[in-house]
Amino acid sequence: MTAGVVVVLIGGLLEVCGSVSANRGGSPAAFTDEIPFKITWPDAEFTLPTSGALYKEDDFVIMTTTEKEKYKCLLPSLTAGEEDNDKEYSGPGPGQLLEPLFKRSSCSYRIESYWTYEVCHGKHIRQYHEEKETGQKISVQEYFLGNLDQKNKDEEAENVKSTDETENIEGQLTPYYSLEMGNGTPCVLKQDQPRSTSVLYVCHPEAKHEILSVAEVTTCEYEVVVLTPLLCAHPKYRFKTSPVNAIFCQALAGSPLRPQRLAQLDKEQEEQLKPPFMRKNMTEEVPPVREEAFTSTHKPMTVGGQSQITVGTTHISRLTDDQLIKEFLSGSYCLHGGVGWWKYEFCYGKHVHQYHEDKEQGKNTVVVGSWNSEEHIEWAKKNVARSYQLKDDVQKVKLVSHFYGHGDVCDLTGKPRQVIVKLKCKESESPHAVTVYMLEPQTCQYILGVESPVICRILDTADEHGLLSLSS
């Protein structure tokens with residue numbers, strides 16, 4: 001860690017704490033946010049950790065606040081981190097590792113508000129929109145963003161980017177394997193030149209070949225990021241997590257454990273995060289979120305100050321439709337989504353979980369909501385549990401909403417988490433595609449969107465409370 005990084009880190013506290021004096025050498029370095037830090041305020045009984053980052057007694061800064069409070073902040077000695085020794089690696093190359101994905105004619109889908117993106121690995125990439133007008137057959141608007149000729153597959157090795165080249169994936173620089181696809185639909189804006197796409201395959205041990213993102217980097221030239229566990233067998237492409245480096249600031253000369261202004265700021269922010277009904281009357285029952293105030297669009301957006309994370313569409317079980325629906329409605333078949341830090345598990349009529357899996361610390365699970373039919377019915381009497389649309393001159397159920405309460409207690413509100421699950425029919429050429437996304441319009445009160453062609457068959461069985469059953 002250089003002196004330049006110290007200034008960035010401590011500088012974030014200057015508005016609260018005042019001036020900083022350092023007892024550390026080193027030349028200034030370029031500022032960076034790629035190394036995460038966390039400041040903690042230990043008591044006098046504190047002992048330095050014996051594992052992880054190293055700390056030296058003379059490696060510290062003295063911080064003095066505007067209230068003359070003084071703190072000695074011990075700084076971690078950073079190294080380049082553990083490097084995979086891939087010099088002796090003699091296994092298959094990245095193209096060979098992905099070959100099973102290319103050979104089994106597997107396709108991944110990403111459903112957005114208008115377009116659906118189809119990546120048939122090693123074959124083509126398609127962007128399309130289906131529309132069915134009353135009394136007419138389905139019309140399809142489509143563009144091929146790239147094709148891979150069979151003869152070009154032998155040249156895949158030429159498409160591999162050096163591992164020195166990386167992509168910023170969710171804030172982390174990550175090596176990738178790039179497969180170039182050309183010969184797409186002619187582009188009018190580029191004198192009918194064919195569209196082309198770079199498909200960046202990124203190692204992620206928990207992924208199922210999801211499409212993480214689709215971007216048009218220049219006119220009619222695209223970049224698609226696909227997460228796959230297949231590349232993780234190659235040391236150059238393995239998923240690496242960035243550890244959070246702790247800075248320990250101990251109080252000096254009778255100062256409080258934490259600066260008074262910082263403690264006051266934390267308290268004010270916590271109060272602001274509480275929903276209005278929590279600030280008004282702490283004894284009132286927490287009312288659930290009214291779902292009709294929010295949309296289920298898949299574009300990244302901000303709702304109530306909370307950002308929505310768009311996730312790629314994955315594929316669910318290839319069971320027969322009747323068996324799949326039966327197991328889904330019984331709660332024995334659960335749907336999963338999410339490609340970032342948090343994943344989501346939805347078991348119909350049972351629970352909604354948010355979880356993160358770590359090889360060292362195991363699985364960290366947060367119960368977002370649990371099912372209780374009586375509570376849902378009471379909620380449905382005051383909210384819209386099902387909504388309709390006119391389709392082929394027939395009124396069809398478009399969306400059903402279910403209330404799951406009694407989640408884990410939220411630290412910020414002191415109340416149990418709760419979630420509204422919105423089940424929506426989403427037509428697709430892939431009958432087993434499913435999209436799952438999460439919103440947090442109010443602190444620890446969530447909306448879980450679940451959209452899939454599988455749901456289309458059972459929405460019309462919804463009763464007045466939005467409860468589903470097997471179609472006759």
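Let's start with His356. It sits in strand β23, residues 351-358. Keep in mind that this is a predicted model. Is His356 buried or exposed? It is buried, because its relative accessible area is 13% and the cut-off for buried is under 20%. Beyond its neighbours within four places in sequence, His356 contacts Trp341, Trp342, Gly362, Lys363 and Asn364.

Next, a sheet. Four strands form an open sheet in the order β11-β14-β16-β15, and the pairing is mixed. Which strands stand at the edges? They are β11, 177-181, and β15, 211-218. Each has a single partner strand, so one side of each has no neighbour in the sheet. From one strand to the next, the twist averages 20°.

Helix α3, residues 94-103, lies across β11, β14 and β16. The helix runs at about 60° to β11.

Now the cores. The largest nonpolar core has 31 residues. Phe346, Leu423, Leu448 and Val450 touch the most other members. Elements giving two or more residues include β22, β27 and β29. Which element gives the largest share? That is α6, with 4 residues.

Leaving aside neighbours within four places in sequence, its contacts include Leu335, Phe346, Val421, Leu423, Val434 and Ile455.

A separate core has 24 residues, among them Leu98, Phe102, Tyr117 and Val199.

Terms used. Residues numbered from 1 in each chain as written. Predicted model: local features only at pLDDT ≥ 70, side-chain atom pairs only at ≥ 80, totals over all residues. Heavy atoms only, no water. Buried < 20%, exposed > 50% of the residue type's maximum accessible area, 1.4 Å probe, protein only. Contact = heavy atoms within 4.5 Å. Pairing = 2+ DSSP bridges. Axes fitted to C-alpha atoms, helices over the stretch in contact; angles between N-to-C directions. Core = buried A, V, L, I, M, F, W, Y, C linked by side-chain atoms within 4.5 Å.
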